Structure formats: structure tokens, C-alpha cells
Amino acid sequence: DALYALASFNYYKFRAANLMFGFCSHIMMHLETFCEFNALRKNQLLRFHKQLQPMLSAAACLKAAPTSKYRDYYFMPQFEVGQQELIDVHHYTYLVELSTMIKGGTDLVRLVNQVLVDHIHFSTQRRSNYEKMMSIDEFKSNRKYYDFFLQAFMSVRFFDEFIPMGFNSVNPKEKEINSMSATVLYEQALASSLSYRMEFEFDKEAINQMARTTLRRYSGRFNTRQELDQPYKVSIMIGHGFTYTKYNTLMHFLNVVQCYWHNPDLNNIAVFGKDIRALLVLSCQKVFFEKGHAGGFYHYGPLRTKTHRLGDDLDLAVAQTLGGAIPSVSASKHDGNKLVLTERVYEYHYLRDILVRFFGSAKGQRIKTDNVVVNLCLLSLMLDFGLYEEHVAVLNLPFLKQMLHLRDTRQLQVAVANMIHEFDKKNSTDTVTRMKLEELIFETSYKFMVNKGFPLRSRQNTLIQQLTADPAYQQHLLMCKVNMSLCQINKSVEVDYYKLRCNGEFRTVIPQNFSKTTGDYLEQVTRQYTFSERDGMILYDDLPLFDVRTAQPEMHLFTIRFDSATSVQSMVKYIEIKNAFRDVESGQQYVVFIADNALEVTMSDKLQICINKIAIEVATVYFNEAISFVPCFSYADSEDVIMFTSSNIHYKVDNGGQFCSDYYGMKHELIENIVSKEVFVDLNDEHGFKDFKLSELRTESKTVVHAPDYLLQVPHRQQLINLLDFAIYVRNLSFFVLLLFLLRRCSVQLDYIFEEGRGTNKVVKISGPWASAILYVIGNRSDEHYDEIFSKQFFDLEQHNRLPLREFISVLCDNFKQYQPKGDDGRYLIVPTAKQKAFLEHIVTAEECFHFSEVGSGKTKVILPLLCQMFLSNNQDAHRHLARGGKPKTALVILVPEHLLPDAKTQVFRYCLNLNFRDEYRVYDDIFALLHDDVELDPAPPCRYSFSRGPP
């Protein structure tokens, strides 16, 4: 929540308790983009704006800048330019970054930092007493640290050298200032060494623990060197830009409205069309300040920071992040900045002069059209460019006519806020809220909308689709934009609320203590599960969870801790599950939602856990040599186990050797350094491939493993990704190896980022046993002991290559039973019948092909997986029949009716991934995977059923 409060558009709504706490590493390690980092700095500087005037004025900052290099990157969003304080601090943040790249810095930055130095806390930086802090006089006498602070404080370079560490909460009543009650600056080199150490003194060990938990992610946000001389390589890529047509620009809109000022039939559909993106881009102009700039605007767009064969990583593109807080325009690159032009950035005075002439041409006459969208667009421009008081009378908006004081912006904000709230109360069909729209406006104001390569999995795309589906959202979007501008102009705040789905409709609830994280989770859960409201209580399965009879109810989520019920120990000490709902009447029952399942926990004399009314317990189970010890849930009445993966589940792992490269830990998260090629459909409906880190593909899942064989079966590739992240998290190396074997077989391409950079900038990303494990899986390293362990997890069909077809089918059916759970009588639940065996033989040996739907019962659960296993074998008799007199078949394409597709995918993944250890084959669940260059339907010899095969 701190990131949403301090690093977004809430400049006058939230403020950190003090300067240092606002820069705490617990907050900054979550920064994903430079615009968030810059918004955080602005929020912090606004506290001192009155004190630092006139040093902090925009005019002084522009005059102090020795060069205008990279100023094009530091444009302002339209909703901020109506407040002079934001203009001032925005120009200062540019000057700060420039100061660090110039020898000696700038005098103005030094003067400002001489004031801010009284509000910072600096460690002694000595290993003997690093928990102590320097006094202000001691800090000023240290020329090394003080000079660097004066030159670079609040810059990317400063936070690359120092990490502000402290507890993630602050007690305002605490009077004593020390390393336990305040956020203190430590050198990153010192903090890195502290993360390896164990101390007996509480305050030292607390600091060490802060370094262990935050340094890894924090350092990844500021680890790039900046240079002042980076050349530009400019391109206009067809299909990338959204606004490079004459119909999607601000000037076109103003021209149309001016020409049809007296036409009552002018409407937003004729001007913008139905795509909400046109309206979104128009209302989120980018602005810079340079009076007298030739032309009045410049062309700009996203920056390509990495070039892959099939995709790019774009900075300044909506719905795309680079995972760092640095301005990529000044980051050190060997090939310069690759700029893709998509939009115009206007000079403030140039655009304001155009608007003055535009509204002046109306000569005080009210616009004829009463179209709300067109009028709100004009109102937004009036507010942001200071023309509201002079020209508001020309607008034709009903709620303006009802205002007693037409030119009072505070009264206008109340009217707009009430209309937004009323709209949200009436809208009970989807999850669109004011907060979501404001986040989208914030991102679009700082970034550029692109067509090509727009992430369809992103929450921004989901929201845009919802907005486009209903024309009423065009008005609502502009209302939220106007409200954001008024919040900055009036320095005021807005009340936040939750949106929950009850009785099939969404309703709004204003809580006593608002939390953005809680709001997002409540919205997601109530949309996915069935909640109801009765007599002022929100219930799930007749369990009262929230009492909403009061105007502002208390709504909280809780965290539950589970200890293992078995005596078996692993590196996981206990399990915590957050976002648990509690019964408001008894306070003894909790409900946790994970992967379409509801866990009911009863805290009475004895802890009782039920999943879908079936009793389970927390356990640490030894499966086999490959999976080893895994924390999981086991059924109380059987030996079957459940493995849950979710971001709400926290496994407390023994941190011993966490950062030692020779042990289980690394300085970088392994799941973020494995990249997968995924089939991608852009907004132009073109299929291609895009690189996704596996960390971006994680979801929730539930995997059941049946006793006594404990054979790992997954119904979908997504579960393998989730379990791979789980294995890394609990430091289970053997489980990681097994999952990586299976994941490679159903992936188009997996890449591993072992290191990044060159020369002195080279950073090792994957090391230790994790690197050895990956090299072993991909075949670059041999290990006979590993081969003996993992080969037992795969059915070896190659040993039956010379069996007659009928006998081979019997072998497949015997193996098939081991995939099945056992019933109460000890028998396998599914056993292929003699009729099914005969029918499978008939399929393979028949002279003509026939439709699979002619088969009766068991066509997807038995016949299909057995047929696929037969194809993936090297049995000579089977492949001779499958060849139908032609050359050996190397690819099998399965076409099933649409209603059977999910079940068919499940069966193929369950039965066809663990065959023939070390054999290279692929299983794809999307036909468009064939578009990739590395996927070959007919690879070169050796043939499919020979003993030595290469990857297809």
C-alpha cells in the first residue's frame, strides 16, 4: 500500500511520517518504473516546498541546469501542470539526475541538500558499531560522504550507493531516534556483507535481517551506471503507435470542435469512435516547459532497451515495466537509445496559447452540443492550463448550471466526486472502480500507448476491454481525470472504498481503514467465489465475514500460521497464509481461498482444517528421492497429499547460507532469470512470440499427488511453473530438477540468464547448485548419481522397442494403472479394459483413419493418453503401422471437439510428460506454437524410432 500511497498521484493525500521513512527500502524495493520513483521523490519534496522557496522554483531549476540533455525524457503529465508546486519539484528532480552526471554537480542541488541534511540519519558505516548513527556535525565533517550527499541525494546514483533501512512501520510517539526507530542510510557494500553475518546483539541482528530481506530486490532497482552522452537512434515502427493518425491527436479534436461549435449534433462517437484508448490518450497529454521552443512540440515514444529475435523490452510503454527505477534514457548502453516515435509532447505555453485562442474564438457563446464527453474534454483542458475561471461559462454541462459558485474549483470537485461515487454505486456489473481508472490515467500520462506488442495478460488490457465494452465509461473516465486534476489544484483528497460482489452484483463499501491491497484482493475473491449479503452481513457459505450495517464498517483480513503436524523436518519451519477471512460472530473460524478451493480453519481446543468439507492437516512428507521432503497438506483419512502454490502462502525457510553462492541462495531470484517464449496475440490480432519471465507467469494452483506411488502428474503447464517457483522457494533442489525436466518438454523455448553485462559491468545471475542443476537438465553436464535418481520418475518405453504391438499395448496399460489413485478396496480406480485395448490396436492398425468421436466411453481418459504414449515410444511395430506405408511419423496433431478440449489437454499433460528419461520430445497445447522457428514438424534424420534422437 505504501507504493500506491507515496509513489503515484496521491501527492496531497498521503505523506510519509518523515523524509527518511519515505525512502525506506521496504517501499523502494517494490518500485517497477522510473515514473513511480519520480513520483515518490516529488511527494517527499512537497513537504519542504514552502521552506525551500525560491530555490525550488521551476525558473531557478531551469536556469541552474548547465545542459538540456535528456530533458525530453522528463515530461510532465497533464493532470499535474495545474499545480505550480508540482511543476517546481518536477524540474528539481531533473536537475538532481543531471547533477550526478556532471563533475562537481550543480550549486542549486547543493544548496537544497544543505537544508535536507538536517532530516537524514546516517550510519557510522563501521562494522564495529554500524548500529550507531553519526551526528549531523560528524556527518558534515566527513568530506567523502557529505560531498557525495550534497551532489547526489535523491538521485538514482545515490540510492545505488546507499540503502535506507529501517522497520516497515514507524511509531510517531517514539521520541528516541536510533536505528530501531528510524530509517538509516547504510552503504550497500556494508549491507551486503551484513546479510551474511549473525550477531548476538538485537539491534545489529535486526539490521542484518533487514539487509537479508530487502537488499536483493532493492539493489536490482538501482544497479545501472548513468552516462551523459547517449546517442539516439530514432525509428517510426508501423503499427506500434496509437496516436499517429490524424483522428487521434489533440489538434484534430480542437479543430473539429471549433468548426462544429454551433452544431448540436456533435458527439463523441463521431470524434473519437468507440475505442476508449483514443479518449484516454487525448486526456493524458505529455507537457514540457521551454518557452519559445521552436515548433512548440517534439516527437517522442517508448525506448527499446533490449532487442530479441521476436520482441522488445520497451520503456515508457503502457502496461510494460523494466523492473527498475532508473531513467533508461541515461543508462549506460553500448548501442545508445533506440527511440520509437509514437506521439507528440507539447510545450506548455505553446499549447496554452492555442487553447486561449480556441476558447476566445467562441466569444462567450456556449457550445451547442450537450454531449457530456466532448464538454468534459474541454473542461479537463481548462482546468489543467488555468483557463477555467475565464472560460467555464462556454461549457454545456448540466451539473455546472446547478453550482452556486460556478468558478469555485472546490465546489466543482465536490460535485464531480459525488457523480463518480453515484456511478460506482449504480454500476453492479463489473469491477471497474475510480481507483483503477486513476491508476490507468497515471500510467498513460507518464507512458505511451502502443498497439504492437501490447501485453494482453496485463491488468491494464483487461481494464481497457471493460471500458471499451460500455460507452458509459467514456464519461466516467473523464470524470476521474477531472477529479485527479482538481485534487492537485485544490491540494485535497478523496475518500476510497472497496467494491465487492454480493448476490450477483457489485456494491461499494467505505471502510474505516482503507487498504489498496485489501481492496484488490476483496474484489478478486468476491468475483471468483459466491458471496451473499443478508441482514447487513456479508456471508460465504452461511459464515458471516463482514458486518456492513454501519456507515463505515471495520473490514480486516488476517494471517494464519501453521506448524507441521508430523515429526519430519525440512528447511521450512512453518507456513503462513495471509488474506484469511474471519467469522465476525465467533472469531474462531477462518476461511482461506486458494486455487478455486476454500480452506476452513477452526481454532478451538484443537486446530481443524477442512478443504471442501474434507479434513486435512499440515505435513512434511517424504515422497521419493526426486521430490524429497516437501511441506504440503495431507488428507486425514488417506495418504494422498495436496501441494498448494499461491502468493498468499509464505513458507518460513531456514535462512542459513541464504546468500552464499556455494549453497542454496543467490543474490538474484532464480525464477526471474528463467525466460519462456510464449504465444502472444497483439491488439492487431497478429500471432507471435514474446519473452516472459517465469515470475510473470505465476498463478495459484492445487496439485494432488496420490499414494503410494507419489507419481507427479500435472493437468496443465501452468502448474509446472507454479511448482517450479515453489521448489525454488523452499530450497528443494531435486524437486526443481524434476520439474524443469517436465517444463522443458511442454515449452516452446526456455532461456536462462546466467549473467548480464560485459566486462566490469558483468553481473552473475545464476550460480551455485542452481546453475549446476540447470546445466544438468539441459544436457551440458553429466551426473550418474542424478541419472539414477531421476530416471525412476520416468517410464522407460524404449526397452520395449521390439515387442509386438499387442504385447506393447499391454505394457502401456500396466503402466497406466500406476498413474491412478487407489480406492478403498486397494485397487486402482481406472484400469483399461480388454475392449479398450482392442480398440486401441484397431486405431493403430486400421488401413483408414476415422473420427475419434466414434469411440464410446473413455475416449479422452484412456484411449487418447495411451495413443499419445505409443506415438512417443520407439516401438518399431507401432510406428510401422502409424506410418501407413509411408515414412515414419514425427509429429502427432490431436484435434478434438471444443467441449472436450480442456479434458484432452489435461490427459495429455498427465500421461505424456514423464516418458523416456533424457528423450527429447515436445508437447504443445497451442497449435500456434508451430509458428516458432525452432518447432519442426518433420526434423531431419535420425528417424523418430531410432535409439539416438535429437530435439524436434
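Guide: Cys284 is buried, its relative accessible area being 0%; buried denotes under 20% relative accessible area, for a 1.4 Å probe and protein chains only. The closest cysteine sulfur to that of Cys284 belongs to Cys377 and lies 10 Å away, too far for a bond. A disulfide is taken here as a pair of cysteine sulfur atoms within 2.5 Å, and the structure holds zero of them. Cys487 likewise takes part in no disulfide, the nearest cysteine sulfur, in Cys480, being 10 Å away. Cys487 is also buried, with a relative accessible area of 11%.

The model is predicted: local features need pLDDT of at least 70 and side-chain atom pairs count only at pLDDT 80 or more, while totals for chains, interfaces and linings use all residues. Residues are numbered from 1 along each chain as its sequence is written, and side-chain values use heavy atoms, with hydrogens and water left out.

Helix H31 (residues 834–845) packs with helix H32 (residues 859–872) at an angle of about 50°, the axes being 10 Å apart; axes are lines fitted to C-alpha atoms over the stretch in contact, and angles run from 0 to 180 degrees between N-to-C directions. Helices are DSSP runs (H or I, at least four residues), numbered from the N terminus.

Note on methods: Buried < 20%, exposed > 50% of the residue type's maximum accessible area, 1.4 Å probe, protein only. Helix = DSSP H or I, 4+ residues; strand = E, 2+ residues; numbered from the N terminus.
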